[in-house]
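Open the model in your viewer and colour the chain by secondary structure.

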Amino acid sequence: APVTGGACGAFQAFSLFVKAKEVPAAARCPAGGEGVRWRCCRLAFEELSGIHRHVALQHAGDIGQQAGLTEAGQQAGLTAKQAAAEVSPLSVPAPAGNADGLNGHSRGSPEISCTLPDTSHISYDVLTSKVGEVLLYYCYCEVKDPEKLCAWQKALCQHLHLTGKVRVASEGINGTVGGSKVATNLYIEVMLSQPLFKDILCQEDFKSSAGGAHCFPDLRVGVFKEIVPMGIDPKIVSYKETGIHLSPQEFHREVEQYLSQASQGQSDTILLDCRNFYESKIGHFQGCLAPDIRKFSYFPSYVDENLELFKDKRVLMYCTGGIRCERGSAYLRSKAVCREVYQLKGGIHKYLEEFPDGFYRGKLFVFDDRYAICSNEDIISACRYCGTLWDQYKLCSSQHCRQLVLTCPSCHNKGLTACCSVCQEKELKVTSGASGQTLKEECECTRRRPRVPIEHVSQRTLDAGK
């Protein structure tokens, strides 16, 4: 279709407005990169799509005035909407209360702000420094537009050069990201200023450890049904029905009392580790019950098969950062068999910040390329092959397996690099060039482990020193 005079005026007004926001070339990044190319409303933009979307959503009225308040002015509004539709959503702030903007929520619901922080005053080398940290956090809250929150998270992490994994759902957000200290500090600042998390998320909810962007292979942000995969519909078992939260100090006192009573065979308490077997294998609280399960989605079945174990008991639950206990304790409470259900607020991560040499012994497993972080010198696990003390995981060397294996340097140098004999044989066949045989992915480790172990109550006299 031919371009009308009004449309020409509108597009010209739009282009001139963007042009006026350009940063002079002399003021850009001197190290060879383009750096910040536009500034508007105290925001900085490196990509043309970013400034286009911002202008389209925030300044349609200004463009309309420049183009004239007649047909051209109306066309300017259409131009703005076209520009908004052509660029990636959520790269810039949405106008508050604008029905045509990015908000789209009913009146009274929390607004998702899509603001990105200004990094123009930070050099590229500082922002991407390999010396940094890994953040771990979660926030349960009502999210009416998970896709929008997901897109903003992706844009935010890319803007700050963060790597990691972020899960978004209608029940909230769960993330672990790595980057420079400057980048992670900015990330926390922006997250705390997000209206959606107002009065819910706080500084204390972010757990940090030494690391950086190199701790993850890439950035993965997605929308899921649950922010932690328990396999139960959040509408059926809600985080709102969680157990009683105990601070690290309160939990420490409870564990101390439990261990004292358990040593005399008088305890009515179960100290329950909600993590997977390979996590508790290299570190756990003394005297805990650590289910031999491979995934958290097996936890509900574990509870169902062992209800008698929890009958009339006080249960102290813990996990890495607290999120699995939120849903896990809610599920346990829904069975109405326990006398009381408590959980460690902030998880092992926060406990170790206050009690690095407390009742948790060994390493803390983490879901990134570090595999574990250390707070004390105890090694409580052993090499899979020779039995020497060892707690540093590596992936099974068989390309068909994703199991983790504990193999000490001596055994590793001997070629013992697989999680079991089945995988070791597969690896040898692949290495020797054998072909023509389809290899099953299930290995001995998976086959011999019951999906849901049944605990024997008569054997539940825990050794307080274990």
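## Stop one: helix H6

Of the 14 residues of H6, 10 are buried, so the rest of the structure largely encloses this helix. Keep in mind as you look around that this is a predicted model.

Select residues 146-159 to see H6: at 1.5 Å a residue the helix should span 20 Å, and its end C-alpha atoms are 20 Å apart, in agreement. Now show side chains for the buried residues, among them Leu149, Trp152, Leu156 and His159.

## Stop two: salt bridges

The whole structure holds 18 salt bridges. Select Arg327 and Glu171, whose side chains form one of them at 3.8 Å, N to O. This pair joins distant parts of the chain, with Arg327 in helix H12 (residues 323-334) and Glu171 in the loop between E4 and E5, 156 residues apart. Is Arg327 buried or exposed? Arg327 counts as buried because its relative accessibility is 0%, and Glu171 is buried too, at 4%.

Glu226 lies in the loop between E7 and strand E8 (244-246), 101 residues from Arg327. With Glu171, Glu226 and Arg327 all displayed, you are looking at a network of salt bridges.

For a last stop, select Asp233 and Lys225, a salt bridge at 3.6 Å. Here Asp233 is partly exposed at 24% relative accessibility, while Lys225 is exposed at 57%.

How values were computed. Residues numbered from 1 in each chain as written. Predicted model: local features only at pLDDT ≥ 70, side-chain atom pairs only at ≥ 80, totals over all residues. Heavy atoms only, no water. Helix = DSSP H or I, 4+ residues; strand = E, 2+ residues; numbered from the N terminus. Expected span 1.5 Å × (residues − 1). Buried < 20%, exposed > 50% of the residue type's maximum accessible area, 1.4 Å probe, protein only. Salt bridge = Lys/Arg side-chain N within 4 Å of Asp/Glu carboxyl O.
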